[in-house]
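Student: I'm new to this one. Could you walk me through it, a question at a time?

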Amino acid sequence: MAIKGMKEQLENIIKEVYQKKNKNLFTFLTGAGISADSGIPTYRGTDGIWVKGTKFHKPEEFGTFQYFKENPEEVWQYSLFRKKMFESAVPNQSHFELVEIENLLQDRFHLITQNIDHLHRRAGTQRLYEIHGKPREIKCSNGCNEIIDLPLEIAGKNQEEDLTQKDIELLKCKACGSWMRPNILWFDERYDEKTNKKFSSLKMAKNSGVLFIIGTSGATNLPMAIAETTLKYGGTIVDINTEDNFFTTRIKDKKNKIIIRESASEVLKMIKEIIKETVNS
């Protein structure tokens, strides 16, 4: 779509939603693509494969609760490798554009992210729903209810580093002695409200006049359900990705959609300027 036509469509939907009294939320749904400029590789791609010894593991294999039960130290080694990667990354322009948009919209802004890299929060986003959990939190793998912060003494690791004895001691549940696990969603688990904000996200989608989808393909079911809920209740989907995806397939025959194939940072800058003009008019 030409930039001029894209801008006109965005202006029309943003002004329309801003003037509404109900279904007036501006919701942003982000995935791994928005963190690419921060140097964080995608989880599902070839750069997400975990190499342990001479074995090459795909995320769908080691990113499961079943694999964790059988190989807890290895999964924790990978998690702490990712922790170091996340901590060395910095938020990029897209993260900061979203913060500025939130400052303009205030309570009418909500951000739902599939990312567990903490970059949205570090950039300054406040109204944030992390639906795939928070690796900086841990919980008992045996079902004890308490969720606690990952102990500060546990540092991120290089790929070849093993857990220390102190790490292992700190990663055992004080109540029952079982392994603690990252408070994230694995491939063989279901979304819930406590960790994943499932029902809060769907309620938000129901009341969204527009849902901006950025850097995610829709390969998991809660993000797709969020998009379908927005459509069901009359909201507009704006698909901002570098290529077509599962969301595109779902919305291609709908009237209330805008499909944009431009860089996220440039489109977000345009959206911010339109919102600023709308709010101040």
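Student: Which elements do the buried residues of H9 pack against?

Tutor: Keep in mind that we're looking at a predicted model. Helix H9 covers residues 198-206, and its buried residues are Ser201, Met204 and Ala205. Those residues pack against S1, S4, strand S5 (128-130), helix H8 (193-196), S9 and helix H10 (221-232).

Student: Within what arc do the buried residues of H9 fall, seen down its axis?

Tutor: Start with the other side of H9, where Phe199 and Lys203 are exposed. The buried residues line one face of the helix, because seen down the axis of H9 they fall within an arc of 100 degrees.

Student: Okay, on to the largest nonpolar core. Which element gives the most to this core?

Tutor: That core has 28 residues, and Leu10, Phe28, Phe212 and Ile271 touch the most other members. Several elements supply at least two residues each, including helix H1 (3-18), strand S1 (25-30), strand S9 (208-214) and helix H12 (264-280). The top giver, with seven residues, is H12.

Student: And which residues form one aromatic cluster?

Tutor: Let's start from phenylalanine 28. The aromatic cluster is made of Phe28, Phe109 and Phe212.

Student: Why does the pair of tyrosine 78 and phenylalanine 81 count as tilted, rather than stacked or edge-to-face?

Tutor: A pair of aromatic rings is described by the distance of the centres and the angle of the planes. Here the centres are 6.4 Å apart and the planes of tyrosine 78 and phenylalanine 81 are at 50 degrees. Stacked needs under 30 degrees and edge-to-face needs over 60, so this pair is tilted.

Student: Where do tyrosine 78 and phenylalanine 81 lie, and is each one buried or partly exposed?

Tutor: Both lie in helix H4 (residues 72-88), three residues apart, about one turn of the helix. Tyrosine 78 has a relative accessible area of 7%, so that residue is buried. Phenylalanine 81 has 21% relative accessibility, so it counts as partly exposed.

Student: Last one: how far is the charged end of arginine 108 from the centre of the ring of tyrosine 18?

Tutor: There are two places to look at here. Lysine 172 lies over the face of tryptophan 179, at 4.9 Å from the ring centre. The charged end of arginine 108 sits over the ring of tyrosine 18, and its distance from the centre is 4.5 Å.

Conventions. Residues numbered from 1 in each chain as written. Predicted model: local features only at pLDDT ≥ 70, side-chain atom pairs only at ≥ 80, totals over all residues. Heavy atoms only, no water. Phe/Tyr/Trp six-rings, centres within 6.5 Å; stacked < 30°, edge-to-face > 60°. Helix = DSSP H or I, 4+ residues; strand = E, 2+ residues; numbered from the N terminus. Buried < 20%, exposed > 50% of the residue type's maximum accessible area, 1.4 Å probe, protein only. Lys NZ or Arg CZ within 6 Å of the ring centre and 35° of its normal. Core = buried A, V, L, I, M, F, W, Y, C linked by side-chain atoms within 4.5 Å. Arc of directions from axis to C-beta. Contact = heavy atoms within 4.5 Å.
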